[in-house]
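Welcome, and thanks for taking a look at this protein with us.

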Amino acid sequence: MKSNRSDLLANARIAVVDDDPVEVVLLSEIGSEVSPRCDFVGHATVRDFIAAGPSQYPLVFLDRRIPPYNDYSETLPMLAEAGFKGRVVLMTAYDPGLELGEFPFEIKGPIDKLELLNPDTLGPLLSAAEAASPS
């Protein structure tokens with residue numbers, strides 16, 4: 001049996017860092033439908049994400065208020081310090097309008113969590129992660 005190139009490509013591993021397991025399930029389910037070549041991995045804390053090895057993820061969806069931190073100004077520097085170089089999608093139900101600063105990774109958002117459940121919003125983010133994944 002002959003395999004084609006797409007069979008040889010590894011799925012893109014996508015991290016969802018959110019303390020609400022419902023958000024992780026929703027994003028994972030819709031994301032898997034929009035882009036079947038993405039595997040979603042939930043992390044309830046930023047420290048869990050960092051301990052798992054952030055370099056394996058081309059894309060991370062990061063909740064704005066993930067305990068014990070108040071906002072992105074506390075969590076984004078942690079990702080930079082851990083050596084993350086992919087893309088970060090900032091998820092929120094409320095955009096406080098923070099100045100985020102410069103980081104060694106691309107930042108998208110903040111994007112309303114409900115908007116992320118829209119395949120037209122989610123699809124391009126996942127396609128970019130697939131393209132950035134090692135084959």
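## Finding your way around

Strand 1 (residues 12-17) and strand 3 run parallel and are joined by four bridges. Keep in mind that this is a predicted model.

**The chain as a whole**

- The protein chain holds six helices and five strands.
- Read from the N terminus, its elements follow the order α-β-α-β-α-β-α-β-β-α-α.
- Of its 135 residues, 39% count as buried.
- Among the contacts with a separation of 6 or more, 66% are between residues 24 or more positions apart.

- The average pLDDT of the protein chain is 86, and 86% of the residues score at least 70.
- Residues 1-7 stay under 50 in pLDDT, and the model gives this stretch two contacts beyond four places in sequence.

- Strand 3 covers residues 59-63, and five of its five residues are buried.
- Leu-59, Phe-61 and Asp-63 point one way from strand 3, while Val-60 and Leu-62 point the other way; all are buried.

**Helix 4, between two strands**

- Helix 4 (residues 72-81) makes a right-handed β-α-β unit together with strand 3 and strand 4.
- Which residues of helix 4 are buried? They are Tyr-72, Thr-75, Leu-76, Met-78 and Leu-79.
- Seen down the axis of helix 4, these buried residues fall within an arc of 155°, so they line one face of the helix.
- An α-helix has 3.6 residues a turn, so residues three or four places apart point the same way.
- The buried residues of helix 4 pack against helix 3 (46-52), strand 3, strand 4 and strand 5 (106-112).
- Just after helix 4 comes Gly-83, which takes a positive phi of about 90°.

**Aromatic rings**

- Searching the whole structure turns up four aromatic pairs.
- One of them is the tilted pair of Phe-49 and Tyr-57, with 5.5 Å centre to centre and 35° between the planes.
- Both Phe-49 and Tyr-57 are buried.
- Another is the stacked pair of Phe-103 and Phe-105, at 5.4 Å centre to centre and with 10° between the planes.
- Is Phe-105 buried or exposed? Phe-105 counts as buried, because its relative accessibility is 7% and the cut-off for buried is under 20%.
- Phe-103 has a relative accessible area of 22%, so it is partly exposed.
- Ring pairs link Phe-49, Tyr-57, Phe-84, Phe-103 and Phe-105 into a cluster.

- Leu-125 sits in helix 6 (residues 119-132).
- Its relative accessibility is 4%, so Leu-125 counts as buried.
- Which residues does Leu-125 contact, leaving aside its neighbours within four places in sequence? They are Leu-59, Phe-61, Arg-87, Val-89, Lys-108, Ile-111 and Leu-116.
- Leu-125 and Val-89 are 36 residues apart along the chain, and 8.5 Å separates their C-alpha atoms.
- Arg-37 lies in the loop between helix 2 (21-34) and strand 2 (38-43).
- With 29% relative accessibility, Arg-37 counts as partly exposed.

**Two cis peptide bonds**

- The peptide bond from Pro-67 to Pro-68 is cis, and its omega is near 5°.
- Pro-68 belongs to the loop between strand 3 and helix 4.
- Gly-109 and Pro-110 are also joined by a cis peptide bond, with omega about 15°.
- Pro-110 is part of strand 5.

Methods. Residues are numbered from 1 along each chain as its sequence is written. This is a predicted model: local features need pLDDT of at least 70, side-chain atom pairs count only at pLDDT 80 or more; totals for chains, interfaces and linings use all residues. Side-chain values use heavy atoms; hydrogens and water are left out. Rings of Phe, Tyr and Trp (its six-membered ring) pair if their centres lie within 6.5 Å; planes under 30 degrees apart count as stacked, over 60 as edge-to-face and the rest as tilted. Buried means under 20% relative accessible area, exposed over 50%, partly exposed in between (1.4 Å probe, protein chains only). Two strands pair if DSSP finds at least two bridges between them. A crossover is right-handed if, with the strands pointing away from the viewer, the path from the first strand over the helix to the second runs clockwise. The arc is that of the directions from the helix axis to the C-beta atoms. Contact means heavy atoms within 4.5 Å. pLDDT is the predictor's confidence in each residue, from 0 to 100.
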